[in-house]
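Morning, everyone. Here is the model for today; take a look, and then I will go through the contacts.

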Protein chains: 2
Amino acid sequence: MRTVVTERAETSADSDPSLAAEAETRRAADSSERAYNTIRKLLVEFKLKPGERINEVQLSRSLGVSRTPIREALNRLASEGFVSLTPNRGFFVRSLSTEGLLDLYEFRSIIECAAFKLMCERADDSEIDRLRSYWEAIVDAYPDQPPDVILAEDEGFHLLIAELSGNPELVGQLSSINARIRFIRRIQIEHPSHDKAQITSHSAIVEAAVKRDAENGTKLLREHIEMTVSATQQALKDALLKVFAPDNGAELKRRRRARDA
Amino acid sequence: MRTVVTERAETSADSDPSLAAEAETRRAADSSERAYNTIRKLLVEFKLKPGERINEVQLSRSLGVSRTPIREALNRLASEGFVSLTPNRGFFVRSLSTEGLLDLYEFRSIIECAAFKLMCERADDSEIDRLRSYWEAIVDAYPDQPPDVILAEDEGFHLLIAELSGNPELVGQLSSINARIRFIRRIQIEHPSHDKAQITSHSAIVEAAVKRDAENGTKLLREHIEMTVSATQQALKDALLKVFAPDNGAELKRRRRARDA
DNA sequence: GAACGCAATAGTGTCGACACTTTCTTGACG
DNA sequence: CGTCAAGAAAGTGTCGACACTATTGCGTTC
């Protein structure tokens, strides 16, 4: 008997509209799951700001569920490094510093290079061909897609390499990393500094894969990622500024609102 | 301001005696944490068997807490890959097949080699010296230690390399991997096939570190881990046999106990 | 005699409540 | 005026209860 693992890794772009709305109608059966997705989205989009304390009651009200599923979701997010937990004080949004981000990218580079190498050793020709055709199918339209699509396709490309490595651990890890850096990648894609060099990178990587040239392929990958990192640096600074500067006085209101009907 | 992450990674060898006993006296304040440690231990030691469905009520009784902290612990364990969650059916002990174990070891090898390389590039002399002295301090007594100590010291050695890489992500990942394969490493250490070649491996690795010889060091590491893997294969088979054979009929009692005052 | 429902039971998912801890407010004292 | 302490308020950690879902056992039909 095969045990089905739920894999809640990727559920990118849906599931948060109408969470509260639906709550009235249905008796809810997967509040935890939905809470998880919603909260993660809030984190990824900086709606919950780094370092901020997370108020469970407030969150549970805005999502229209009780605190229990909120806590379950937060526990999972804590294991995944999105938030941290201090006993008796609650959950805090993990502050993703520039430094931490670099570590994450470095980790990503390690995973991807290893995956590529393993793919070269193990994948059979038809599998390599899957990679090639995946890329060829999207390459033409690629630069003209909206940011969301570019991001998804890019992640798909790299994730496929991980899959072809034959090691599910790598796939899981890369998924997790992707989720954690997605927000910044999105920002970077929308940032003026984003250029089309990615395309040639990907094409070159595919080429190396077809030739089973692990050495050159990993070099390309490493450079590809490093290039992204440096391009991301400025974008990150701009983004952080944007997050902390336009203070629409939400904090102040919070103080007042004590008792609401 | 630096946010301190709680890091529940390592709490190796304690925290489960007197869990139920203490529950009477104190009003409990960290049941979740304790449940987490206890359950993880149960998993690691095969007290909860691979593929088995986890009964929350049963668990909560035996730990003397309500289901809430149990579920929080299980959620964390699910994120970490120890158990899986199927909606409306509950948590299942993740079946760690031989195959899955190989993937895990491979992943470990990837992390460790990368860490070593980074360490060679970045660690200053005093840090490298910490590694050297760590090993020199324990090497003589090493082979004569009890299995628990050997395991802890070995993990400490490899973890130190990860720390010296300067990338906290790697440390976290390696901790997590260690926890997941600890049970089998223990079995392997106690197994007759365990030999003292580890010692010379570690010494050689230290030597390479001192010389900042990344290439040779990673090669040694890779071989070191691969050697462990192959030595582990037979030990694993023996262990699995031992786990599934002695059925002490605990299941039957469960049927009777329906209503208790 | 086997397949199919159907009721009874076991078990999960969620909720609201309460005890305890931390944080904020207020007022006395130096 | 600033510091500190006591009380109030807010918030977390845990519990028991209940609604809903899956599973098991039993009787019916073909």
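Start with the protein interface. 34 residues of chain B are in contact with 34 residues of chain A, contact being heavy atoms within 4.5 Å. This is a predicted model, where local features need pLDDT of at least 70, side-chain atom pairs count only at pLDDT 80 or more, and totals for chains, interfaces and linings use all residues. Residues are numbered from 1 along each chain as written, chains are lettered from A and ligands numbered from 1 in written order, and side-chain values use heavy atoms, without hydrogens and water.

The area buried between the two chains is about 3000 Å², with 49% from carbon and sulfur atoms. That is accessible area (1.4 Å probe) lost on putting the two parts together, summed over both.

How many salt bridges cross the interface of chain B and chain A? The rule finds eight, taking a Lys or Arg side-chain nitrogen within 4 Å of an Asp or Glu carboxyl oxygen. Glu106(A) and Arg122(B) form a salt bridge at 2.2 Å, N to O. Helix 5 of chain B gives the most to the side touching chain A: nine residues.

Now the DNA. 24 residues surround DNA strand D, each with a heavy atom within 4 Å of it. Arg67(A), Arg71(A), Ser31(B), Ser66(B) and Arg89(B) are the closest.

Conventions
Helix = DSSP H or I, 4+ residues; strand = E, 2+ residues; numbered from the N terminus.
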